Structures are given as structure tokens and as C-alpha cells.
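Me: I am new to this structure and would like to know what lies behind the terms used for it. Please take the terms one at a time.

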Amino acid sequence: MLGQLIKESASAALQYYSHSILIAGVLAVLWKAFSNFQIYHSRPRGVRIIAEPYSVRRWFKDFDFILKGSTQILNAYGKLGAGSTFAIPSMAEYQVLTSNPSDIEALCNGPEDQLSFHEAMTDRLKHYYTIYKFQYGDPDPNDSIPRRVVKVLLRMQLPTLRPIIEEKVKHGFEAQLAKGKDVGDGWTALSTFLLSKAVVEESNARIILGKTIGNQRECVDAALRYVGDVVVAAEIARQFPTFLTPIIAPTIMRWSGAMSKLVKFISPVVEERKKLQAKGLADMSGEHRDCIQWTLEASKTPAQRATPRVVAVLIGLLLASSHQMSMTLTYVLYSLCQHPEYIPELRSEMEASLNADPDDPFKRLYLLESFLMEVARLNPPDALVVQRKVKKTVKLPSGAVIPPNNLIAVPQQAMARNPALFPEPDTFDGRRFLPENEHIRATQAVTKLTDVKYSYMYWGPPRKPCPGRWYASYTLKAVLVHILMNYDFKQENEKARKYFLWTTAILPLPTTRILFRKRDASNMV
Ligand code: HEM
């Protein structure tokens with residue numbers, strides 16, 4: 001009876017909507033044909049093209065790029081070799097990928113009006129809809145405000161903020177552990193990625209939003225949910241024609257309402273701080289050591305200080321900090337599980353560093369620094385870095401001519417497999433970046449996770465790299481010191497898949513779990 005009713009309703013709906021479905025199908029085919037023509041018309045010249053985008057068969061192969069983009073890039077790089085520049089058709093443009101040193105330098109140092117970081121990010125993040133109407137350009141054309149807040153003001157305060165970061169990390173970790181599944185013999189199972197996200201957000205929300213709201217459970221949960229919403233909204237919107245973005249992205253963002261909640265939490269605090277500043281209490285950094293305060297201090301013009309703009313900058317910082325940090329932490333935890341032989345030495349190093357300088361306990365963590373760099377080398381959050389949208393035709397030193405609307409980037413995941421840069425590149429070597437002798441470590445600048453160079457582009461272009469790398473490195477160390485000194489851990493299932501591919505992103509699977517067990521009390525800090 002019920003089955004019959006469902007069948008009849010379905011067939012009635014199909015009849016009723018058949019015209020609309022037909023029209024939508026025809027429009028989709030026309031749009032695809034038009035966009036393929038555009039891609040073909042703007043194809044790069046003087047560069048090896050890996051596959052043509054305009055055959056009908058290729059239309060379906062677009063799904064290959066969505067599901068295996070980074071594998072396609074690794075294969076092409078493997079075939080053409082290090083130092084090559086090649087193009088690969090993606091959904092809406094050619095991606096020109098270069099490991100040629102001169103091309104990389106030209107890409108990293110190209111002007112914004114020719115090789116646009118802003119446009120590439122707009123395509124990727126749809127941030128007008130996902131970061132509370134944030135727009136690049138006016139009133140802060142060079143992104144000086146977030147850069148100053150994170151690179152100068154936050155970095156300067158890191159030693160003072162350390163007790164807060166450590167407290168937040170500890171609290172975040174213990175709260176997650178309490179929610180984990182008891183699997184017997186003292187072990188608790190937790191999703192590695194969800195744990196990493198929660199612990200990182202606990203610290204980020206407090207440091208960015210301050211103690212009034214950054215300590216409120218509802219606000220931290222909204223920040224956590226918001227970051228996930230952006231990833232989903234932007235990735236789904238990217239698969240459709242751009243004219244549908246204003247419908248798709250806001251609909252997904254409204255689903256959980258996390259962004260609106262954040263706006264409601266942050267706006268009154270920004271207003272309040274502005275009032276205090278207007279009363280002449282200019283330097284409140286002692287009382288309000290957080291990114292809300294520093295964003296107001298770095299914002300000078302009325303347009304920069306407008307509350308919605310300040311809120312958008314802060315929400316953007318929550319996004320920029322949380323997504324990549326939690327991915328990195330996940331991959332570090334997996335690497336420790338796969339290479340437990342490093343753990344005893346890492347623990348001894350942590351104890352020694354803590355005892356040698358309790359005020360700067362992360363200073364002498366040389367092995368950890370090298371271990372983190374090796375994890376980052378082999379596990380970048382995206383196959384590509386320094387993604388730039390071409391605005392005016394560009395001729396690269398290798399001779400490649402790239403017309404507007406294409407994307408140029410560095411295939412960092414593939415380049416990390418270059419044996420000339422990294423001997424035995426496929427082998428995990430936690431000591432790869434470790435300076436050999438104690439004297440060199442004590443007297444000379446050592447290789448650090450936060451260093452930037454053309455051969456190691458985890459943080460982006462050397463001239464304008466990620467400004468948050470000191471905070472990211474500091475907080476990751478705080479998390480790892482807490483976990484390593486207080487817990488034993490191992491993967492629940494060593495064969496479980498750890499990540500999945502989505503276009504060029506390499507995303508941890510939230511279903512893969514780690515087991516934790518408290519260490520012997522005499523070994524804990
Ligand atoms: C492991 C964690 C992180 C990774 C791997 C990472 C990576 C990057 C990369 C590659 C870029 C440069 C993009 C380009 O020029 O193509 C970038 C930019 C940026 N990052 Fe990070 N980041 C991380 C953490 C953070 C944190 C914690 C913050 C803030 C506290 C932050 C704030 C920013 C900002 C504001 C920019 C844009 C800079 C500009 O406009 O020039 N990042 N990040």
C-alpha cells in the first residue's frame with residue numbers, strides 16, 4: 001500500500017517536473033560546452049599540456065580531477081621530471097604547474113595585478129559568502145592588517161601567551177578524551193582529525209577572540225563548526241557555474257548558522273573595545289591580549305574600523321588558522337604512530353629543554369623541529385602552493401605563455417619527491433633536517449619549521465609567506481609536548497585509510513582513530 005503510494009507520487013512528480021529537469025539538463029550541457037570552449041580558447045602555449053579538456057570523453061574525466069587531482073599531478077611530474085612546467089586541465093581553467101626554479105621565482109614575485117593571489121583565493125574560498133562579505137582590495141589593498149596582527153603583534157606576544165595556549169591545549173585535549181570510546185585496558189579511541197580540530201580551535205578561538213568570548217563553549221563550538229562549513233560550501237560551489245555561487249554558498253553557510261552565531265558573538269565585543277579606545281584608553285594590550293584588540297590597533301581608517309569589516313577580518317583569521325593547523329596536527333600524530341622509534345628521544349629532548357629553560361621550553365626541541373618539517377614535507381594540506389590566477393598574459397622564463405583566467409602554482413607535494421632536493425625522498429626520515437652537532441645547534445641558526453625557502457614551500461612564497469607560521473609552530477609544539485609527555489598512543493587500525501583526495505586538497509578522514517592511554521604517573525608533566 002505504502003509502496004504503491006510512493007511509486008505513484010514519484011511518477012507524478014517526474015511528470016510534473018520533467019520539463020524543468022529537461023531544461024536544467026540542456027542548460028548544464030550548454031554551460032559545459034561554453035566553459036570548455038573558453039578553457040580551450042585561453043589554453044597556455046609553449047608548455048606541455050597533459051590532457052585536452054574539450055573532448056566529450058574528457059567531460060566525464062573532469063570527475064577524475066575532482067577525485068584524483070593530486071594523483072594526476074604526481075603522475076605528470078613523475079613522467080616529465082623535476083624542473084618541468086606543464087599544464088593540466090581542471091574544472092574551470094588550465095592549471096599550469098611549475099617546478100622550474102626560474103618560473104617559480106617569477107611566480108612568487110609576480111605583481112598582484114598580473115598573478116593574483118586574491119583572485120585565486122576568491123575562486124577557491126568564495127569568501128564574500130563564506131567570510132561574512134569579506135572582500136579583498138579596499139579598504140586594505142595589501143592585506144596589511146591581518147599580516148601585521150599575526151606576523152608582528154601575535155608573534156611578539158607568544159612567550160607571554162604560552163601559559164594560556166598550554167592551558168587551552170590541555171583543556172581541549174582532556175575534554176575530547178573524556179568523550180572518547182573506552183576500548184579496554186586503559187585505552188580510549190578518538191577520531192584523530194576531530195580531536196586535532198577541537199584541540200587547535202580551543203587555542204585559536206581564545207587567542208583570536210579573547211577571554212570574554214573565546215572561553216565560551218558556544219562560541220568555540222561555532223568557530224569549530226564554521227571552519228567545516230566553509231570547506232564544504234566553497235568546495236561544492238566550485239563544482240557549479242559561478243553565477244550559482246550566490247545561491248549555493250550562502251545556502252550551505254546558513255544550514256548550521258555557525259557564521260551568523262560568530263558574528264553575534266564578535267560584533268558587540270568589537271563595539272565595546274572601540275568605545276574604550278575612543279575614551280582614550282589606547283594601549284590596552286595588557287588587558288586584552290587578543291587579535292580583536294590588535295586588529296583594532298592595526299586598523300586606521302574609518303572603513304577599516306567599521307565593525308562588519310573588523311568582524312570579517314577576525315572570522316578570516318579563525319579560518320586561516322584552524323583548517324591547516326588541524327590537518328598538520330593530524331598528520332604529525334599519524335607519523336608518530338608509524339614511527340614510534342622517535343618517541344623516547346623526543347620525550348627526553350622535551351624534558352631536557354623544559355629543565356634547561358622553563359621560560360622558553362620550546363627553544364631546544366631540535367629533533368621535534370626536524371620531525372615536524374619531515375611530516376610537513378610529505379603531508380602538505382594541498383598538492384599545490386602559491387596558487388595565482390593569471391590576470392594579464394604572462395610569459396614565464398621557461399618560455400611558457402599563459403593567457404588570463406588560468407591558474408599557475410607550484411606542485412609542492414610532487415616537488416617534495418625530488419631526490420636532488422631530498423635524498424631518498426619517499427623515505428620518512430625524522431632527522432632529515434637535524435643539524436648534526438650540538439655546538440652548531442647552540443651557536444648557529446638552525447633549520448626551523450618556520451623557515452621559508454624556494455626548495456621548501458610549505459608556507460608559501462619566500463617573499464610573502466604565511467604570517468601565522470610562528471603561532472602555528474608554537475601551538476603545535478605545545479600540543480605535542482602535552483600528548484607525548486602524558487600519553488601513550490597508537491593507531492586503532494594500522495591499515496585504515498588516513499586521508500581522501502578532493503581536487504588538489506589532501507584531507508584527513510574523520511573516521512580514522514587513534515587510541516590514547518595515560519602514561520605511568522612517574523613519567524608525566
Ligand atoms: C600549519 C598551518 C598553516 C599552514 C600550512 C599555512 C599555510 C599558508 C600558506 C601556504 C600561505 C600563503 C598563500 C600564498 O601566498 O599562496 C598562507 C597565508 C596566510 N596565512 Fe597561513 N598557514 C598556516 C597557519 C596559519 C595561522 C595559524 C594563521 C593565523 C594565525 C595564518 C594566517 C595566514 C594569513 C592571514 C595568510 C594570508 C597572508 C596574505 O594575505 O598575504 N596561517 N598560509
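Reply: Strand β5 (residues 181–184) and strand β6 (residues 187–191) run antiparallel and are joined by three bridges. The model is a predicted one: local features need pLDDT of at least 70, side-chain atom pairs count only at pLDDT 80 or more, and totals for chains, interfaces and linings use all residues. Residue numbers start from 1 along each chain, as its sequence is written.

Me: Why are β5 and β11 called edges of their sheet?

Reply: The sheet is open, with four strands in the order β5-β6-β14-β11 and antiparallel pairing. β5 and β11 (487–491) each have a single partner strand, so one side of each has no neighbour in the sheet. Neighbouring strands here are turned by 35 degrees against each other on average, direction ignored. β11 pairs with strand β14 (residues 513–518) in the antiparallel sense over five bridges, and Lys-490 has Leu-515 in β14 as its bridge partner.

Me: Which strands are at the edges of the six-stranded sheet?

Reply: That open sheet has the order β1-β2-β3-β10-β7-β4 and mixed pairing. β1 (48–49) and β4 (115–116) are at the edges; each has a single partner strand, so one side of each is left without a neighbour in the sheet. Helix α4 (residues 117–125) packs on this sheet and touches β4, β7 and β10 (407–410), with its direction at about 95 degrees to that of β7. Such angles run from 0 to 180 degrees between N-to-C directions, and axes are lines fitted to C-alpha atoms, for helices over the stretch in contact. Inside the sheet, strand β2 (residues 85–89) and strand β3 (residues 94–98) pair in the antiparallel sense over five bridges. Ala-87 has Val-96 in β3 as its bridge partner.

Me: How do you know that the chain agrees with a compact globule?

Reply: The radius of gyration is taken over C-alpha atoms, and the globule rule is 2.2 Å times the number of residues to the power 0.38. With 525 residues the rule gives a value near 24 Å; the chain has 24 Å, so the two agree. Along its principal axes the C-alpha trace spans about 70 × 60 × 55 Å.

Me: What are the domains, and how many residues of each are in contact with the other?

Reply: The chain is divided into domain 1 (42–112 + 381–415) and domain 2 (126–380 + 416–523). These bounds come from an automatic or database domain assignment. In contact are 25 residues of domain 1 and 21 residues of domain 2, contact meaning that C-beta atoms, placed from the backbone, lie within 7 Å. On the domain 1 side, the largest share, eight residues, comes from α2.

Me: Which residues come nearest to the ligand?

Reply: Of the 25 residues around the ligand, Asp-143, Ser-321, Gly-460, Cys-466 and Gly-468 come nearest. A residue is near a molecule or strand if its C-beta atom, placed from the backbone, lies within 6 Å of it. Helix α13 gives the largest share of the shell, six residues. By class the shell has 16 nonpolar, six polar and three charged residues. Ala, Val, Leu, Ile, Met, Phe, Trp, Tyr, Cys and Pro count as nonpolar, Asp, Glu, Lys and Arg as charged, and the others, Gly among them, as polar.

Me: What makes the loop between α5 and α6 worth a look?

Reply: Pro-139 is in that loop, and the peptide bond from Asp-138 to Pro-139 is cis, with omega near 0 degrees. Tyr-132 is also in the loop, with a positive phi near 45 degrees in a residue other than glycine. Most residues other than glycine have a negative phi, and most peptide bonds are trans.

Methods
Helices (H or I, at least four residues) and strands (E, at least two) are DSSP runs, numbered from the N terminus. Two strands pair if DSSP finds at least two bridges between them. Two residues are in contact if their C-beta atoms, placed from the backbone, lie within 7 Å.
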